[in-house]
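I opened the notebook to look up a few things in this structure. My entries follow in the order in which I made them.

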Amino acid sequence: MKINFNSIISKTLTILFVSSVIYILFISVGAHKIFGASYKKLIDERISITIQDISPSLSLNLSFSFTEAIQEIGNKAIENPDVLLVKIESKILESPLVFTKEHKSIDAYKNNGEFISQSVLVDPLTSKPIGKMTLVYSKKTYEQFMNNFYLLFFSATVGLVLSILTLAYFLYKSLKPLTILATSLRSFNPNNPKKLLLHLDSNNEISSIVSSANDMINNLVKYLNDTQELNKEISQKQSHLKEAQRIANVGSWEYDIVNETLLLSDEIYRILGLKRSVVISWQDFIEFISSKDREFVVTVFKDAMKNGSNFDIKFSLSLENNRILDVRTRGKVRKKIDGSARIAAVSMDITQDNINKKMIERLAYYDSLTSLPNRVLLKDRAHKALQNAHRNNQKVAMIFLDLDHFKLINDTLGHTIGDKLLIYVSKLLKMQIRESDTLSRIGGDEFVILLPDIHSQKDVEFIAEKILESLYGQHFIDSHQLYISTSIGIAIYPDTSKDMDELITNADTAMYDAKQDGRNNYKIYQKAMGNHISTQMKVEQDLKNAVNNKKELEVYYQAKVDSNSGQITGAEALVRWNHPERGLVFPDDFIRVAESTGIILELGNWIIEEAISQVKEWNRLGYSNLKIAINLSGRQFQDMKLASFVASMIRKYEISPSQLEFEITETLSMSNVPATLRVLDELKNIGVSIAIDDFGTGYSSLSYLKQFPINTLKIDKSFVMDMIDDEGDKVIVQTIISMAHFLGFKTVAEGVESLEHINLLRNMGCDELQGYYYSKAVTKHAFTLLLET
Ligand code: C2E
Ligand code: CA
Ligand code: CA
């Protein structure tokens with residue numbers, strides 16, 4: 001062990017050693033002197049006592065016989081065992097008298113170191129000196145005394161040294177744990193703190209220090225463990241926070257107002273497109289705000305700093321390479337008593353959200369092909385126009401316009417040409433009307449013009465003629481020479497139509513009338529008109545018969561396929577009418593009549609039962625995982641018994657409700673939202689799924705999406721089919737898929753006709769595919785064969 005001279009042990013031992021040396025020196029020199037001196041004094045006293053003993057007898061005997069007296073005194077003195085020699089010299093005596101025990105001379109005694117004392121003999125009577133007395137006193141007793149003293153002193157010293165050694169040993173033993181403790185504390189390893197724990201059997205002050213140290217170490221270990229856990233948790237939380245910020249496009253920042261320092265999270269750097277190493281000052285940060293927003297934002301920040309208030313603002317950033325980002329920033333100002341003040345805020349990149357929102361808004365209110373207002377917006381504007389007209393006693397006209405033989409163009413030249421023609425027509429129509437009028441496309445080749453402020457019927461007639469003229473004749477689309485014409489129906493509020501629904505229906509009826517009348521003309525609605533529509537009446541009559549005997553009606557099934565596995569997951573039920581004279585009639589040609597006459601209720605229920613019984617049959621054949629989609633028309637929602645009918649059919653055929661999906665489209669007749677919502681909720685409660693059909697065509701608006709309990713979005717086939725050539729449609733499809741997944745909906749794409757479609761849609765993450773590529777709608781027997789292959 002290395003000796004540390006500063007340690008308590010060595011100090012104590014040194015002090016003890018030094019003090020014992022001093023003690024021994026002091027005892028051996030000092031004591032010797034003191035004892036020696038005092039012993040001499042004692043001897044002297046004894047001698048003087050002896051002399052005094054002698055003197056009286058001397059004075060008594062002097063007169064009598066001096067010599068005898070001396071003789072007697074000398075004899076008496078020599079009797080003292082310590083007196084070795086007495087010599088008395090006097091003028092009275094002839095020669096000195098010497099009394100001795102050993103016959104040695106005084107000089108011999110002197111040499112021997114015996115005590116020699118000389119005193120004057122005084123005559124007691126005259127007090128005059130009469131002689132000299134020399135006394136030799138033995139040093140033997142002195143030596144004996146001193147020997148005894150040395151013996152005692154030696155044993156005392158030995159005892160002392162022994163006790164010092166014992167003390168040192170105990171000191172060393174007791175203080176040793178402290179040394180170990182010190183060494184251990186010095187070598188304390190925070191990574192392995194347990195090793196430090198000390199063990200001590202004894203129970204004294206030191207052990208209490210050590211046990212306190214152990215307690216402290218235990219606490220320290222606990223603290224270290226806790227800190228380690230905490231650090232782990234903090235770093236975990238930090239990385240979670242980072243990840244969450246990245247996923248949510250949210251970054252956080254903090255500005256110390258007093259010290260003017262700015263702290264930015266990683267995500268803010270990512271949002272700004274800057275490297276983490278770039279230092280950004282508050283001024284730089286402000287500079288990123290686009291110039292149009294900067295003043296406003298700075299004012300908001302200043303107000304917040306002044307009032308310590310919260311803020312929640314949207315603004316845009318203008319970054320490198322002309323990049324513009326929209327951000328939403330929420331923050332608060334924290335002021336503390338110590339004078340510190342800081343803005344803590346989160347900023348969120350909402351650029352994509354804004355784009356999506358705009359896109360969805362557009363999808364909700366505008367026709368994506370022509371960018372014209374859709375039905376929803378038309379209805380909204382018509383509603384306002386009617387209110388206005390009612391207040392100001394004005395007239396509102398609605399022009400219903402349908403291109404003649406458009407289907408023929410589409411079927412022969414393809415829908416790309418058809419689409420181009422529709423865009424072309426929309427531009428032509430736009431030129432015939434005023435800014436305040438609304439031109440909308442409400443479906444295929446159907447356009448509606450709302451004239452919110454006309455004075456007389458003549459105004460509308462004038463516009464109708466202009467339109468007929470502008471469209472009639474030949475037009476060139478992509479070097480195709482096309483002949484087109486149009487049929488126009490007009491209804492006027494308040495003349496023949498009392499409200500919006502009537503205005504639309506009547507304009508439609510007038511348009512039908514115009515078509516019946518040889519096309520390329522316009523008709524203004526009149527009450528008697530309905531009676532003349534013979535074709536529609538005939539369709540209605542035939543359809544009623546068909547629904548009653550059910551022999552002519554048939555449900556076809558079109559496969560739906562999982563986009564990843566390519567497996568058939570189910571089918572959409574599509575109704576067909578085997579007309580005895582017209583042959584196979586497609587739903588587009590009779591569903592409308594069925595709806596307007598109310599036949600759809602009975603027809604719809606028949607389709608539901610037919611499809612459900614077929615599900616049972618496929619279950620029996622072992623295809624028990626199929627999900628069949630059934631179309632519901634808007635009118636069916638007004639049937640309060642729809643849900644209970646569906647439930648009873650599910651019970652009757654013992655199928656699982658999860659095997660059914662109902663497809664709905666937002667149509668004009670579905671205007672009663674609360675009632676629709678109730679029916680949908682009822683259906684949902686049964687356990688069947690709900691899909692929004694033809695999504696993206698404007699029939700379904702975003703507000704409905706949020707309100708309705710929806711499972712699936714079916715992307716309209718027009719987008720799917722066009723997306724190969726049209727980048728815009730591709731973006732729309734991708735947006736719909738992303739948005740649907742974000743809202744938790746499944747996506748089904750319709751109109752999948754090629755491998756190119758499949759690859760694109762699969763990459764976009766579309767869940768299911770439906771279209772001619774896989775299969776057209778086929779009879780139940782043909783579909784069973786499809787399942788078998
Ligand atoms: P929808 O619900 O959008 O049905 C899809 C239509 O697109 C079907 O026409 C289908 O045959 C067609 N289709 C499917 N894949 C492709 C493809 O790859 N390319 C092309 N060009 N077309 C494809 P369909 O059967 O003529 O039905 C037309 C519309 O009639 C349906 O449109 C639906 O709104 C209505 N409908 C059909 N069956 C029923 C029904 O049972 N009840 C009701 N209420 N409406 C029905
Ligand atoms: Ca459908
Ligand atoms: Ca559809």
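I began with Glu663, which is buried with a relative accessible area of 1%. The model is predicted, and I read it as such. Next I checked Glu572, which counts as buried because its relative accessibility is 4%, and the cut-off for buried is under 20%.

Which protein donors does the calcium ion (ligand 2) have? I found Glu572 (OE), Asn631 (OD1), Glu663 (OE) and Asp693 (OD). They lie 2.1 to 2.2 Å from the ion. I noted their spacing in sequence as E-x58-N-x31-E-x29-D. Glu572 lies in strand E18 (residues 568–579) and Glu663 in strand E21 (residues 660–664), so this pair ties together parts that are 91 residues apart in sequence.

I then looked up what bridges the calcium ion (ligand 2) and the calcium ion (ligand 3). Asp693 does, and the two ions lie 3.9 Å apart.

**Entry two: aromatic pairs.** How many aromatic pairs are there? The count comes to twelve, taking ring centres within 6.5 Å as a pair. I looked at Trp282 and Phe301 among them. Trp282 sits in helix H6 (residues 282–288) and Phe301 in helix H7 (residues 291–307). The two residues are 19 residues apart, and the pair links distant parts of the chain. Are they buried or exposed? Both Trp282 and Phe301 are buried.

I moved on to Trp618 and Phe783, another tilted pair, at 5.1 Å centre to centre and 55° between the planes. Trp618 is in helix H16 (residues 599–620) and Phe783 in helix H23 (residues 780–788), so the pair ties together parts 165 residues apart in sequence. Trp618 and Phe783 are both buried.

I also traced a cluster: ring pairs link Trp253, Tyr255, Trp282, Phe285, Phe301 and Phe311.

I checked Lys776 against Tyr772. The charged end of Lys776 sits over the ring of Tyr772, 4.7 Å from its centre.

I turned to helix H8 (residues 351–365) and helix H21 (residues 727–743). They pack at an angle of about 105°, and their axes are 11 Å apart. H8 and H21 are therefore roughly perpendicular to each other, as the range for that runs from 65 to 115 degrees. Which residues meet there? From H8 I listed Asn356, Met359, Ile360 and Leu363. They meet Val731, Ile732, Thr735, Ile736 and Met739 in H21.

Technical notes. Residues numbered from 1 in each chain as written. Chains lettered and ligands numbered in written order. Predicted model: local features only at pLDDT ≥ 70, side-chain atom pairs only at ≥ 80, totals over all residues. Heavy atoms only, no water. Phe/Tyr/Trp six-rings, centres within 6.5 Å; stacked < 30°, edge-to-face > 60°. Helix = DSSP H or I, 4+ residues; strand = E, 2+ residues; numbered from the N terminus. Buried < 20%, exposed > 50% of the residue type's maximum accessible area, 1.4 Å probe, protein only. Lys NZ or Arg CZ within 6 Å of the ring centre and 35° of its normal. Donors = N, O, S within 2.8 Å, 3.2 Å for Na, K, Ca; no water. Axes fitted to C-alpha atoms, helices over the stretch in contact; angles between N-to-C directions. Parallel < 35°, antiparallel > 145°, perpendicular 65-115°, else oblique. Contact = heavy atoms within 4.5 Å.
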